[in-house]
Amino acid sequence: MSSSDLDMVNRDPNNLNDHVRVLFEEVIGEPEGAHSMKCVWKNSYKCFNCCKGCCYKFLTLICGIPLAICWGCEFAYITFWHVWYVTPCMRAYMINCGCLQKFYGTCLQCYLQPLCEAYSFLFSNIRVTNYTG
């Protein structure tokens, strides 16, 4: 994906950060009987939104690019680790498990299956009758 393909309107299409969406009404609320003057309420609303927006833009200006670099490196490391270590280890484990599965399957067929068949023949002639004395 190139930077020209970025959606500059909907920047969270997967709703990853809905939990940090904060509105003035979700933070500050005056109950009945405790209302400030209208000019205070309106200006508080404007100040809250202005400060929140300005602080966010300032923090992203200062920290956004360095953090994007750090997270890019982190996910590159995770990808590298999985491609070159985790996946080959899991594949080796699955190969060994397949070998063990064949070994235990053969042992069961050679030793346990004949015993089970012998016991089934032994107990197959037992008849249970309903005795009413």
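This report describes the fold, surface and selected residues of one predicted protein model.

Local features need pLDDT of at least 70, side-chain atom pairs count only at pLDDT 80 or more, and totals for chains, interfaces and linings use all residues. Residues are numbered from 1 along each chain as its sequence is written, and side-chain values use heavy atoms, with hydrogens and water left out.

**Overall shape**

The protein chain has two helices and zero strands. Both element types are DSSP runs numbered from the N terminus: helices are H or I with at least four residues, strands are E with at least two. Helix α1 covers 24–27. Helix α2 covers residues 38–123.

The radius of gyration is 35 Å, whereas a compact globule of 133 residues would have one near 14 Å. That radius is taken over C-alpha atoms, and the globule rule is 2.2 Å times the number of residues to the power 0.38. Along the principal axes, the C-alpha atoms fill a box of roughly 95 × 60 × 20 Å.

**Surface and charge**

Of the 133 residues, 2% are buried. Here buried means under 20% relative accessible area, exposed means over 50%, and partly exposed lies in between (1.4 Å probe, protein chains only). The accessible surface comes to about 12600 Å². Carbon and sulfur atoms hold 67% of that surface. Areas come from the Shrake-Rupley method with a 1.4 Å probe; for residues, only the protein chains shown count as cover.

A nonpolar surface patch includes Leu67, Trp71, Phe75, Trp81 and Tyr85. The whole patch has about 1100 Å² of accessible area. Patch residues have over 30% relative accessible area and no salt bridge; like charges are joined within 9 Å, nonpolar side chains (Val, Leu, Ile, Met, Phe, Trp, Tyr) within 5 Å. Phenylalanine 75, one of the patch residues, sits in helix α2.

The chain carries 10 positive and 10 negative side chains. The centres of the two sets lie 2 Å apart. Lys and Arg count as positive, Asp and Glu as negative; His and the chain ends are not counted. Each charge is placed at NZ of Lys, CZ of Arg, CG of Asp or CD of Glu.

**The segment before α1**

The structure holds one salt bridge. The term means a side-chain nitrogen of Lys or Arg within 4 Å of a carboxyl oxygen of Asp or Glu. The partners are arginine 21 and aspartate 18, with their closest N and O atoms 2.5 Å apart. Arginine 21 is exposed, at 55% relative accessibility. Aspartate 18 lies in the segment before α1 and is partly exposed at 37%.

Asparagine 15 is also placed in the segment before α1. Its phi is positive, about 55°, although the residue is not a glycine. Most residues other than glycine have a negative phi. Asparagine 15 is partly exposed, with 47% relative accessibility. Leucine 16 counts as exposed because its relative accessible area is 61%.

**Pair separations**

Lysine 57 belongs to helix α2 and is exposed, with a relative accessible area of 59%. The table lists C-alpha distances for this residue and others.

| Pair | Apart in sequence | C-alpha to C-alpha |
|---|---|---|
| Leucine 16 and cysteine 110 | 94 residues | 56 Å |
| Lysine 57 and serine 3 | 54 residues | 20 Å |
| Aspartate 18 and phenylalanine 58 | 40 residues | 21 Å |
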